[in-house]
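I opened my notebook to record what I looked up.

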There are 2 protein chains.
Amino acid sequence: MAKTIKDILIKNLHTKVNGSLWLESDNGRFFGPGPVELLERIAGTGSISTAAKEMGMSYKKAWGLINALNTQTNTPLVIPQAGGEKGGGSTITSEAIELIKYHRLLRKRFAAFLEKETVRLKH
Amino acid sequence: MAKTIKDILIKNLHTKVNGSLWLESDNGRFFGPGPVELLERIAGTGSISTAAKEMGMSYKKAWGLINALNTQTNTPLVIPQAGGEKGGGSTITSEAIELIKYHRLLRKRFAAFLEKETVRLKH
């Protein structure tokens, strides 16, 4: 009888199936944990600049992510406060909030998939 | 009523959910499309060196991948031909063949997950 994956892999190494997930379109890859975290932090801090700093990325990089998102959506996701880098008071739109919710559910379903595959390794 | 993801994303950009998948253990990440392709090409060419070349990687890098795999399995996956780099006649074990089969099925299940999520974007 052919060996199963369980017989082949060394036990007790806590082997698991893991992965990453993103959305992509004709415009390229645009939506994954990074952009979502950025939106959440903008909502939390009211500042694109502070959100970027918290994530160790430049203000320019943050705007690059936001612009990449905006090319995919019918309405803007971030409403920047006039005053630019030091302005504060930036907010995210209800569409951005829906995207964050969607992403949370997507990650949950992916986690369930990975868990099921990891259990399968042991049988 | 809150907008759905379908209302938020611009239509006709062929947006889809995509991702990558791997196995990892206490020894790190060790199993994904790259190592599997290497095993398949070793089986096909009988040569670690040729397989590596076909994939644009060095002989050393190929052995690194094989060794990483071997630290996770109860038995070796590749039986190298004595003679080293120019030897030829290298083979993969039945355990490696089972791993390749497992990987194919895993990818199929992942593709089904991604397809389901992509369909969900449109509803």
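**Entry 1: two helices in chain B**

I began with α2(B) and α5(B), and they are oblique to each other. I am working from a predicted model. Helix α2 of chain B covers residues 33-45, and helix α5 of chain B covers residues 94-120. I looked up their angle and found about 135°. Their axes are 10 Å apart. An angle over 145 degrees would have counted as roughly antiparallel. I also noted the hand of the crossing of α2(B) and α5(B), which is left-handed.

Which residues make the contact? From α2(B) I listed B:Pro33, B:Val36, B:Leu39 and B:Glu40. From α5(B) I listed B:Ala96, B:Ile100, B:His103, B:Arg104 and B:Arg107. I sorted the residues of this contact by class: 5 are nonpolar, 1 is polar and 3 are charged.

**Entry 2: α5 against α5**

Next I went to the place where the chains meet through α5(A) and α5(B). How do I describe such a pair? Two packed helices are described by the angle between their axes and by the distance between the axes. Here the axes come within 12 Å and cross at roughly 160°. That angle makes α5(A) roughly antiparallel to α5(B). I recorded the crossing of α5(A) and α5(B) as right-handed.

I then wrote down who touches whom. α5(A) brings A:Tyr102, A:Leu106, A:Arg109, A:Phe110, A:Phe113, A:Glu117 and A:Arg120 to the contact. α5(B) brings B:Tyr102, B:Leu106, B:Arg109, B:Phe110, B:Phe113, B:Glu117 and B:Arg120. By class, I found 8 nonpolar and 6 charged residues in the contact of α5(A) with α5(B), and no polar ones.

**Entry 3: aromatic rings**

A:Phe110, A:Phe113, B:Phe110 and B:Phe113 form one aromatic cluster.

How many aromatic pairs does the structure hold over all chains? I found 8. I looked at B:Phe30 and B:Phe31, whose ring centres are 6.3 Å apart. Their planes stand at 45°, so I called the pair tilted. Are B:Phe30 and B:Phe31 buried or exposed? Both B:Phe30 and B:Phe31 are buried.

**Entry 4: a histidine in chain A**

I turned to A:His103, which lies in helix α5 of chain A. Its relative accessible area is 8%, so A:His103 is buried. The cut-off for buried is under 20%. Leaving out residues up to four places away in sequence, I found that A:His103 touches A:Phe31, A:Gly32, A:Pro33 and A:Val36.

**Entry 5: positive phi in a loop**

Most residues other than glycine have a negative phi. I wrote down two that go the other way. A:Asn12 has a positive phi of about 65°. A:His14 has a positive phi of about 55°. A:Asn12 sits in the loop between α1 (5-8) and β1 (16-25) of chain A. A:His14 is in the loop between α1 and β1 of chain A as well. A:Asn12 counts as exposed at 69% relative accessibility. A:His14 counts as exposed at 61%.

**Entry 6: a proline and its contacts**

Last, I checked A:Pro76. I located A:Pro76 in the loop between α4 (59-70) and β3 (78-79) of chain A. A:Pro76 is partly exposed, at 48% relative accessibility. What does A:Pro76 touch, not counting residues up to four places away in sequence? I found A:Asn70 and A:Thr93. A:Pro76 and A:Thr93 are 17 residues apart in sequence. In space, their C-alpha atoms are 7.3 Å apart.

Methods
Residues numbered from 1 in each chain as written. Chains lettered and ligands numbered in written order. Predicted model: local features only at pLDDT ≥ 70, side-chain atom pairs only at ≥ 80, totals over all residues. Heavy atoms only, no water. Axes fitted to C-alpha atoms, helices over the stretch in contact; angles between N-to-C directions. Helix = DSSP H or I, 4+ residues; strand = E, 2+ residues; numbered from the N terminus. Parallel < 35°, antiparallel > 145°, perpendicular 65-115°, else oblique. Left-handed = near helix turned anticlockwise from the far one by under 90°. Contact = heavy atoms within 4.5 Å. Nonpolar A, V, L, I, M, F, W, Y, C, P; charged D, E, K, R; others polar. Phe/Tyr/Trp six-rings, centres within 6.5 Å; stacked < 30°, edge-to-face > 60°. Buried < 20%, exposed > 50% of the residue type's maximum accessible area, 1.4 Å probe, protein only.
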